[in-house]
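Hi,

Here is the model I promised to pass on. Have a look at it first, and then read my notes below.

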Amino acid sequence: DNSSELITTHRTGRRQVRESSGEADHHEGMSSDDELTPAEVTEFQKNKDNVLEDSRKIFEDVHADFCDIRKILLKFQEWREKFPDSYCDAYISFCLPKLLNPLIRVQLISWNPLEQNFMELEEMSWFRAIEEFSDAKNVSESK
């Protein structure tokens with residue numbers, strides 16, 4: 001295949017340039033194709049900051065009862081406890097993932113598990129709220 005030969009030739013040429021210029025910090029197997037220029041890094045950071053800023057505005061005009069996962073789940077928990085037959089007939093357990101998906105996605109926009117000081121999912125407030133809701137469901141079912 002010509003494209004694989006071209007890539008191999010290109011890599012060999014870059015290796016020879018690195019060796020002749022004395023670049024010893026390159027690790028074999030690491031692609032210099034993936035390295036970003038300072039301008040690209042700056043552009044990426046600018047775009048990332050814009051996305052994060054826009055994400056903070058998504059729910060600014062929404063009442064807290066409808067954009068706070070804990071408050072939403074409390075409403076469903078109340079429904080489940082007061083009207084269990086209606087709750088079951090409405091297949092709420094199948095609907096909740098679709099309902100909460102956009103809210104969780106907004107929470108995860110800035111989450112990066114590759115960063116050193118990233119927060120574990122289990123530590124996030126939305127995760128704990130879902131966990132508490134699930135535990136309450138198990139307790140009410142055991143009654």
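Helices α3 and α5 are roughly antiparallel to each other, since angles over 145 degrees get that label, while under 35 counts as roughly parallel, 65 to 115 as roughly perpendicular and the rest as oblique. The axes of α3 (residues 69-82) and α5 (residues 92-108) cross at roughly 165 degrees and come within 11 Å; axes here are lines fitted to C-alpha atoms over the stretch in contact, with angles running from 0 to 180 degrees between N-to-C directions.

On the α3 side, Ile69, Ile72, Leu73, Phe76 and Trp79 make the contact, and α5 brings Ile92, Leu96, Leu99, Leu100, Leu103 and Ile104. Contact means heavy atoms within 4.5 Å. By class that gives 11 nonpolar, no polar and no charged residues, where nonpolar covers Ala, Val, Leu, Ile, Met, Phe, Trp, Tyr, Cys and Pro, charged covers Asp, Glu, Lys and Arg, and polar is the others, Gly among them.

Before you go further: this is a predicted model, so local features need pLDDT of at least 70 and side-chain atom pairs count only at pLDDT 80 or more, whereas totals for chains, interfaces and linings use all residues. Residues are numbered from 1 along each chain as its sequence is written, and side-chain values use heavy atoms, with hydrogens and water left out.

Leucine 99 sits in α5 and, leaving aside neighbours within four places in sequence, is in contact with Ile72 and Phe76. Leucine 99 and isoleucine 72 are 27 residues apart in sequence, and their C-alphas are 9.6 Å apart. With a relative accessible area of 38%, leucine 99 is partly exposed (buried is under 20%, exposed over 50%, partly exposed in between; 1.4 Å probe, protein chains only).

Serine 55, in helix α2 (residues 38-57), counts as buried at 12% relative accessibility. Not counting residues up to four places away in sequence, serine 55 touches Val106 and Ile109.

As for the whole chain, there are 6 helices and 0 strands (DSSP runs numbered from the N terminus: H or I of at least four residues for helices, E of at least two for strands). Of the 143 residues, 15% count as buried. Among contacts with a separation of 6 or more, 53% come from residues 24 or more positions apart.

Cheers
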